[in-house]
Amino acid sequence: MKEEGASLLLFRTCLVGTLLGIVATFYLLGGLAGYVSSPVFTLPVAAVLTGAVMFFLVFFSALPWQTNRVGRAIWAAILIILVVEAMLGFLPPTARDELTHHLAIPRLYARAGRIIEVPMALHSYYPMLLDMLYTPWVYWGYDFVPKFIHGLFAFLTGLCIYAYLTRRMNPVYGLLGFFLFVSTPIVLRLSHWAYVDLGVTFYSTASLLCLLRWREEQEQLKWLMLSALSMGFALATKPNAMVACLILFFLFLLLIVNAPTGNWIKSISRLALFSLLVLLPFLPWLIKNWVQTRNPFYPLLAGLFPVDKTDAGEAASFVGLGILERREFLYGESFWQIAILPLRVFFSGQDDNPQYFDGVLTPILIVLLPWAFKGKWIGEKQFLTGFAFLYFIYALLLADLRVRYILLMVPSLIVLAVYGVFNIYLRIKQPVYLIAGLLLFAGWHGSYLWQYVRNAAPSNYLRGHESRDAFLTRMLPDYPVFQYMNQDLSLNSKIYLLFMGRRTYYCERDYFHDGGELPGFLLTAIQTAKKSEQINETLKRKNITHLMIREDLLKRYLMNNLTPSQGGLWNDYVKSHVKLLFRHGDYALYQVHG
């Protein structure tokens, strides 16, 4: 592929992402006006998504004809990942944040017929750009499609990396970068989940690469505009994009200050254009939150915009502790374990284990860095390194250290890793060792994909030998209780979910849960009651008719937080006002009466 072709591919891929962002914003405006189900707003979402998929498939299908045998082998490996991810994508949603947030909130919108305020769920106030693309499919009953949408952003990011590296080197290295990104274990895992992390990663990567492209041709305002819009859509996708935006804005200022023209009027006009276009996609979300809470950044910046949200205020957390103190408190880690956190992220990640970052990166992101800075394009490499390093430092200090939260730096590190491979290949006498090392990493990445397939065991479901209910019962221990609830309880029931992890997607009745993981509302009701009837009165004020409980966790929580007299009061309440309806394992459904 010629340099012009690679540049055009990058532009078109970023433009496709921009169109997806525009149609999602259009749907947000329609949903706020009460037209969640209107074809005027849902059909454009379906049409643009279909066009985006066709765009990717057409360009991806053309890639093997633009490279040699090595490139075609890498392309085939990417194709295998694509097929396996598609297979996993057809499965019903079971991932935690799908059930608590990214599908659960759209389901509430679909039921209400409009985008409503959900005070008990703080995350519902965050920007939800990708969730707007998910909502029509949830409304139509195709809740597997959001998985494909999220995975699409992973492969569009890979296409951006391919275009950039092909322009700088050749298609083989472009495909290598594509493969290394989509085969990174955390990307493999997220590509068949309806999350939003791959969306914000795509938009921040598109913004960075377009900014680098504008750095070369500063008269080409299309690159500057695409960079700004992409960053705006990143802000509209997830709050951690604010850090990326701050860093990119700083890098943009450096480019303006170091511009050779010395024309300050032009520099100020470009700064204004960039700032305006960054703000434009984010503005509807700020207005929505301002109308609902009088804080455009709610639940952030609560000190500047005090808001009384009682339904969300029953949360218990470690807000007062920084990440280092939290790790020492929660995991008992020593000073040296905490000191080498930046390295541990790349070498010791584990899925479903918060102590080990709840996800897996790959050491290849950093082991090749020493060789990346040889040869040409040092300035671009410094920009990529600066973005990745600053983002990681900010993310380390400002949030829980989870791999998903630092995913935005991975494309930059992938590009630098491929530069390292390129420089090693030019200087090494026996490339077979380099190829063997890359194959070793590829096999290690592939083992995670195999593990995800084995854990899901999708064969029977995809062949129609296993029903949806049977699959969900196998994957979700609480699903039989939801199934009983949905079939046997009246439509006017309201369920208080206790230690259910706020996994509400499969609850088809009205429900309530605390703002955090711990049942602060129930604890307060018990601690302030003088007799058991007062506990019942507190629950009735919220129209609660049933309790769905993870029994072992609730028992342990109440034992640790109630005095003996309060515990006796709770036991009296359970005996006189609560009736067991259904139990499956540790999960149970109780009826509240009296």
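The structure is a predicted model, and the confidence is worth a look before anything else. The chain averages a pLDDT of 90, and 94% of the residues score at least 70. The exception to keep in mind is the run of residues 312–320, where pLDDT stays under 50 and the model has 18 contacts beyond four places in sequence.

What follows H1 is glycine 34, with a positive phi near 95°.

Next comes leucine 180, which belongs to helix H8, residues 171–183. With a relative accessible area of 4%, leucine 180 falls under the 20% cut-off and therefore counts as buried. Setting aside residues up to four places away in sequence, leucine 180 touches Ile364, Ile414 and Val418. For valine 418, the C-alpha atom is 8.8 Å from that of leucine 180, although the two residues are 238 apart along the chain.

Then there are the aromatics: the structure holds 40 aromatic pairs. In one of them, the ring centres of tyrosine 203 and phenylalanine 233 are 5.7 Å apart and the planes meet at 40°, so the pair is tilted. This pair links distant parts of the chain, as tyrosine 203 lies in helix H10 (residues 197–216) and phenylalanine 233 in helix H11 (residues 221–235), 30 residues apart. Both partners are tucked away: tyrosine 203 is buried, at a relative accessible area of 1%, and phenylalanine 233 is buried too, at 3%.

Tyrosine 461 and phenylalanine 471 make another pair, with centres 5.4 Å apart and planes at 45°, so this one is tilted as well. Tyrosine 461 and phenylalanine 471 are both buried. Elsewhere, ring pairs join Phe56, Phe60, Trp75, Phe155 and Phe178 into a cluster.

Some rings also have a charged residue over the face. Arginine 215 takes that position over phenylalanine 383, at 5.4 Å from the ring centre. Lysine 222 does likewise over phenylalanine 11, where the distance to the ring centre is 4.8 Å.

Notes:
Residues are numbered from 1 along each chain as its sequence is written. This is a predicted model: local features need pLDDT of at least 70, side-chain atom pairs count only at pLDDT 80 or more; totals for chains, interfaces and linings use all residues. Side-chain values use heavy atoms; hydrogens and water are left out. Helices (H or I, at least four residues) and strands (E, at least two) are DSSP runs, numbered from the N terminus. Buried means under 20% relative accessible area, exposed over 50%, partly exposed in between (1.4 Å probe, protein chains only). Contact means heavy atoms within 4.5 Å. pLDDT is the predictor's confidence in each residue, from 0 to 100. Rings of Phe, Tyr and Trp (its six-membered ring) pair if their centres lie within 6.5 Å; planes under 30 degrees apart count as stacked, over 60 as edge-to-face and the rest as tilted. A charge sits over a ring if NZ of Lys or CZ of Arg is within 6 Å of the ring centre and within 35 degrees of the ring normal.
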